[in-house]
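Reader: I am new to this structure and would like to learn how to read it step by step. Could we begin with the terms and then turn to the case itself?

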2 protein chains.
Amino acid sequence: MEKLSEEAINKNLENLEGWEYAKNAIHTSFQFANFKDAFTVMTRIAFEAEAQQHHPNWANVYNELEISLSTHEAGGVTEKDFKLARAIEEIVEAG
Amino acid sequence: MEKLSEEAINKNLENLEGWEYAKNAIHTSFQFANFKDAFTVMTRIAFEAEAQQHHPNWANVYNELEISLSTHEAGGVTEKDFKLARAIEEIVEAG
């Protein structure tokens, strides 16, 4: 899996609302009604991440969730990150 | 729920291996075999946190889990944090 160029990353980001590229990773954050709602979404994302064998770098406190995606082996952002990011968006929109 | 003194915090920490006090919170970290094991423990902690109505500030990437506990309303560490910390230790030890 090849590291994407900044141009390719920015092109991919056009189709992902609320995500930005910084420090060799793509980032977003979500705010839910409460902890239970946040963790429900995290659980769905966890199953998807495990299925994709690609895992987020994420932090949660109460109703807030911050997610960063990058591909360790590639030293940057790859198509794997965008695949997981799109799945995360679908999960959050369906939630 | 009253903010504990640094003396009381250090006394409580004596009974909690692997936790330390810094920046007005208590902190620990765990390493698991893989993501699935890490998220399994996170799920158990999530249910416990919700039951206690006291939630962690936590971050995960793959098999690593970092946890910080403090009591927002008290502006520091309270007995609530130690109650949750002890429950987390029990969950991890049982895991």
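Author: A residue is called buried when its relative accessible area is under 20%, exposed when that area is over 50%, and partly exposed in between, with a 1.4 Å probe and protein chains only. In this predicted model, 44% of the 95 residues of chain A count as buried. Local features need pLDDT of at least 70, side-chain atom pairs count only at pLDDT 80 or more, and totals for chains, interfaces and linings use all residues. Residues are numbered from 1 along each chain as its sequence is written, and chains are lettered from A in the order in which they are written.

Reader: How many helices and strands are there in chain A?

Author: Helices (H or I, at least four residues) and strands (E, at least two) are DSSP runs, numbered from the N terminus. Chain A has 3 helices and 4 strands, and along the sequence they follow the pattern α-β-β-α-β-β-α.

Reader: Which rotation superposes chain A on chain B?

Author: Two copies of a chain are related by a rotation about an axis and a shift along it. Superposing by least squares on the C-alpha atoms of residues with pLDDT of at least 70 in both copies, a rotation of 180° with 0.0 Å of shift along its axis brings chain A onto chain B, with an RMSD of 0.0 Å. That is the relation of a two-fold axis. With contact meaning heavy atoms within 4.5 Å, the same surface serves both copies, as 100% of the contact residues of chain A recur in chain B.

Reader: Which residue of chain A comes closest to the rotation axis?

Author: That residue is A:Ala59, whose C-alpha lies at 2.0 Å from the axis.

Note on methods
Heavy atoms only, no water.
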